[in-house]
Amino acid sequence: MSSRDPQLHPAGASPAAPPPSPLAVAQALADRFATTAAERDERGGTPKAERDALRASGLLSLSIPAAQGGQGADWATMLQTVRTLAQADSSVAHVYGFHHLLLATVQLFARPDQWVPWLEQTARKQWFWGNALNPLDTRTAVRRVDDWYDFSGKKSFCSGALDSEMLVASGIDERTGQLLIAAIPTARAGITLNGDWNCMGQRQTDSGSALFENVRVEAGELLRDPGPLTTPRSSLRPLLAQLIFVHVFLGLAEGAFAQARHYTLNESRPWFRSGAERASEDPYIQSHYGEFFVGLESVRLLAAHAAATFDAAWNQGDALDAEGRGRVAVAVATAKVASTRVGLDVTSRLFETTGARATHGALRLDRFWRNLRTQTLHDPVDYKLQELGDWALHGTVPSPSFYS
């Protein structure tokens, strides 16, 4: 039957408009978040209204396979939405990206009979997932009690845990020293999420601490088959985390560029010795923007390549081998180094193109640098360069870890 068939569209009726694309939805949200981003940066705390807007948008189900009720988007599309949100609000982009990272975590570390129900409920109820997985923080001990496990201790850097429905949490088996990871409801008895995040940047990521006091974790909530970093496929998890950072960094730098450009075109005054009538006609300012553009273009290309390489590896499933996983790691590390360097350059030097008045406190243009500087300290870029140097010299791919 043709789409023009009158039985499909009776007289006077018009075909329903297609739903907006995920990127269009993300852009609409970014435009909305941008209007309050500076004020919320100053205030800190939980961006409750923005998180609820993400719930209502449907984007929390973007990466969930269609078979589980999600939109079944590829990772490149999800990462593009992270980048779009980061242009306006990198804190919200961070917790949103981590939500999808945690959905990937349960798919990579657990059995389908575990993760399928979790993803189905997430798609149906628009659950938000929060992070309490910090493998470098070993203060949470795990003790087996009959057929269940007791999680007790502290955990730091729990991004997005506040106002979440599910947590991915880690602890150390007190008997074997093994890292154990579980997916549990945030509201479970014994979990206290402390609103103690007060850093200079990413001020609305709620990346503070958590306290676990005799939290009961069922055996079926542990992610042990295949478990963390046990196969090339399960070792894709840290690479997705790094890709999320790449796209947050890129979006931040693009947002800073856009804000600086607007200010230069509309507010900046030319230096008295320039001879230019407008600041935007000053050759030195134009040179700065040329450097910014070249840097951002290079990161955009590297990020797109890394995302496409990751998607190809993900689609191989269990057929992915160590060498293939290593090639993804190289592409991701390259993009991570470039996005860090270019992002810090743009967000710092934008003031050279805007002038002294752009430092006014109400504008809070420094938030782009503060946010990026805070997030880029998550793991040292020096070690990415060392891994890339080993690859360039010896062809040795990076060894899987929670950071590479």
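I start with the second largest pocket, whose lining has seven nonpolar, four polar and five charged residues. Here nonpolar covers Ala, Val, Leu, Ile, Met, Phe, Trp, Tyr, Cys and Pro, charged covers Asp, Glu, Lys and Arg, and the others, Gly among them, are polar. A pocket, on a 1 Å grid over the protein atoms alone, is an open set of points where a 1.4 Å probe fits, with protein on both sides within 12 Å along at least five of seven lines; lining residues have an atom within 4 Å of a point.

This is a predicted model, so local features need pLDDT of at least 70 and side-chain atom pairs 80 or more, while totals for chains, interfaces and linings use all residues. Numbering starts from 1 along each chain as its sequence is written, and side-chain values use heavy atoms, without hydrogens or water.

Back to that pocket: helix α10 (residues 351-354) gives the most to its lining, four residues. Helices are DSSP runs of H or I, at least four residues, and strands are runs of E, at least two, numbered from the N terminus.

The largest pocket is lined by 32 residues, with Phe157, Phe245, His378, Asp379 and Tyr403 nearest its centre. Its lining counts 15 nonpolar, 13 polar and four charged residues.

Now the sheet. Strand β3 (residues 148-155) has six of its eight residues buried, meaning under 20% relative accessible area with a 1.4 Å probe, protein chains only. Strand β2 (residues 141-145) pairs with β3 in the antiparallel sense over five bridges; pairing requires at least two DSSP bridges. Val142 sits opposite Phe151 of β3.

Conventions. Buried < 20%, exposed > 50% of the residue type's maximum accessible area, 1.4 Å probe, protein only.
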